[in-house]
Amino acid sequence: MPLPPPPRRKGDRVQADATVRRSATPAAPAPQPAPSPTVTAPVLATSAPVPTAGATPAARRARRPAAADVASAPTPARAAAPAPAPEAAPLEAAATAPGGAMAAPPQATPRAAAGRATRRNGGPRKLFVLDTNVLMHDPSCLFRFEEHDIYLPMIVLEELDNNKKGMSEVARNARQASRTLDALAATVRGDIRDGVPLTALGHREATGTLLFQTEAFSHSLPDGIAQGKADNHILVVVQGLKQRHPERDVVLVSKDINMRIKARALGLAAEDYENDKTIDDVELLYTGMLALPTDFWARQGKKVESWQQGGHTFYRIGGPLVQQMLLNQFVYHEAPGEPPLYARVVELRGKTAVLRTLKDYTHLKNAVWGVTARNREQNFALNLLMDPEIDFVTLAGTAGTGKTLMALAAGLTQVLDERRYTEIIMTRATVSVGEDIGFLPGTEEEKMGPWMGALDDNLEFLAKGGQNPAGEWGRAATQDLIRSRVKIKSMNFMRGRTFLNKYVIIDEAQNLTPKQMKTLITRAGPGTKLVCMGNLAQIDTPYLTEGSSGLTYVVDRFKGWPHGGHVTLARGERSRLADFASEVL
């Protein structure tokens with residue numbers, strides 16, 4: 001018997017191979033009206049081929065034979081039907097829903113994918129409705145919700161458009177948010193009502209979908225709530241989405257406290273945007289210090305290795321306590337009847353750590369520009385400020401702990417005496433405590449003068465601090481020399497600059513956002529030391545908290561870096577009045 005002709009298509013090849021394997025008799029080339037008893041063909045398929053992607057649902061339904069027709073059709077007719085390709089079979093199964101209804105293919109539209117997707121830990125995805133202030137607070141917030149979906153009411157886009165003009169931080173964030181939304185919308189090839197995948201711009205951690213409001217909601221708020229206000233428009237949208245999707249958690253995300261209160265009063269879920277918070281509790285912030293247990297020496301016993309080098313004593317210790325240590329963290333041991341130990345972690349290797357004793361800046365012979373440490377924490381801070389291997393120092397503490405004085409004294413010593421740096425550059429956030437007094441006349445330094453009262457007070461103290469007791473003329477000359485090496489700069493003009501061999505002091509750093517802090521720190525060039533100081537209890541910037549402050553951000557990110565260190569100053573040394581006020585007020 002002659003063999004069948006070679007197949008020309010993949011589907012024909014599968015059918016022909018199966019025919020050869022199952023029967024030596026070739027299948028009939030066309031369906032016959034009457035079955036032949038001598039010709040048998042294997043039943044390869046009971047349905048029509050998979051329709052093409054361009055076919056309409058109606059056309060796909062028309063091509064699909066009914067179940068009754070397939071059951072009643074004669075065997076030769078079913079045998080003559082061409083078999084689908086193997087790779088098309090899964091699509092056919094996915095396109096057919098239980099009961100014969102048509103379902104969308106797995107990659108039909110983002111809306112279908114979002115409807116079927118579930119949370120990683122089970123249950124449907126949440127649907128977060130963003131308020132305008134969230135986008136203006138963090139333009140990258142769209143990619144911070146992991147697998148959940150985001151919904152933007154149309155009034156949010158209107159408010160972004162109204163706030164995009166100007167040079168303020170809010171205006172810049174509004175423009176950045178608009179650019180991000182435009183880039184996401186440009187990736188849509190179909191109907192934007194189906195949603196925009198948040199992974200379109202390369203953010204793999206954001207697997208949800210961005211949905212825009214494309215239709216009005218007819219829901220109304222209770223009497224007494226203004227219908228035309230933007231916040232109330234958003235509440236109407238949240239209420240409508242909750243009724244339209246009862247199976248999903250619809251949550252309003254807003255930085256506005258009153259907005260969240262109104263939403264909860266209406267029975268709607270509302271949350272604050274907390275992704276920018278470094279820590280939830282400021283009490284958990286890294287202090288830069290670790291107290292050794294009172295029985296530290298008894299536990300270590302004979303396992304401690306010690307040696308002396310360069311005027312310092314080194315100790316190599318082990319045990320579970322090493323797991324709590326970080327590089328450049330200060331450790332201290334104070335026990336009655338034993339000499340105290342003040343050291344810094346300079347090496348961590350496996351389960352061992354190397355401690356190096358500190359230079360005693362509480363002694364007058366080690367005074368820094370006439371300033372000596374008055375407590376343990378100030379001694380730690382001066383060791384960081386005077387160490388040339390430390391490029392970045394952060395100091396946090398309440399009012400009167402000596403942050404600015406120690407930073408200036410260390411800077412003057414290393415600029416004028418040791419010639420390690422060329423000059424001191426000082427800047428701060430120009431955030432008013434009360435009402436703004438308006439524009440200030442003069443040059444950049446003259447405009448910054450009223451903000452630098454702390455600098456003037458400390459420079460006056462340092463100029464009279466016994467470093468040059470040569471009468472009034474000598475003190476005046478010293479003060480002029482000091483001011484010639486101290487430059488006051490505004491943060492508004494820092495973009496694009498590079499500081500070479502400078503000693504940079506950022507005062508009142510608690511009023512800076514993480515983005516502003518990054519801008520300032522990345523200005524540092526070779527040979528530059530940067531000191532950030534602030535009091536987290538005195539934040540004046542709106543929408544900034546202790547957990548989201550730039551100072552908190554850098555303290556947490558730089559802990560354990562070999563060339564950075566942090567100390568939290570706890571004891572006030574300004575006056576007994578200031579100390580008592582810090583405790584009781």
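**A look around the model**

Modeller: Let's start with Glu-508, which counts as partly exposed at 22% relative accessibility (under 20% relative accessible area is buried, over 50% exposed, and in between partly exposed, with a 1.4 Å probe and protein chains only). This is a predicted model, where local features need pLDDT of at least 70 and side-chain atom pairs pLDDT 80 or more, while totals for chains, interfaces and linings use all residues. Residues are numbered from 1 along each chain as its sequence is written, and side-chain values use heavy atoms, without hydrogens and water.

Biologist: Okay, and where is Glu-508 found?

Modeller: Glu-508 sits in the loop that runs between strand S16 (502-507) and helix H18 (514-521). Its phi is positive, about 55 degrees, although Glu-508 is not a glycine. Helices (H or I, at least four residues) and strands (E, at least two) are DSSP runs numbered from the N terminus.

Biologist: Let's zoom out. How many helices and strands does the protein have?

Modeller: The secondary structure comes to 20 helices and 18 strands. The protein has 585 residues, and 40% of them are buried. Taking contacts (heavy atoms within 4.5 Å) between residues at least 6 apart in sequence, 66% join residues at least 24 apart.

Biologist: What about aromatic pairs, how many are there?

Modeller: The count comes to 11. Rings of Phe, Tyr and Trp (its six-membered ring) pair if their centres lie within 6.5 Å; planes under 30 degrees apart are stacked, over 60 edge-to-face, and the rest tilted. One of the pairs is Phe-330 with Phe-380, which is stacked at 4.6 Å centre to centre, with 5 degrees between the planes. Phe-330 belongs to strand S10 (330-333) and Phe-380 to helix H13 (376-385), so this pair links distant parts of the chain, 50 residues apart.

Biologist: Are those two buried or exposed?

Modeller: Phe-330 is buried at 0% relative accessible area, and Phe-380 is buried at 0% too. Ring pairs also join Phe-330 and Phe-380 with Tyr-332 and Tyr-342 into a cluster.

Biologist: Which elements give two or more residues to the lining of the largest cavity?

Modeller: Strand S13 (392-397), helix H19 (550-558) and strand S18 (564-569) do. S18 has the largest share, with 3 residues. Among the lining residues are Phe-392, Phe-558 and His-566.

Biologist: And how accessible are Phe-392 and Phe-558?

Modeller: Phe-392 is buried, with a relative accessible area of 4%, whereas Phe-558 is partly exposed at 26%.

Conventions:
On a 1 Å grid over the protein atoms alone, a cavity is a set of points where a 1.4 Å probe fits but cannot get out, and a pocket is an open set with protein on both sides within 12 Å along at least five of seven lines; lining residues have an atom within 4 Å of a point.
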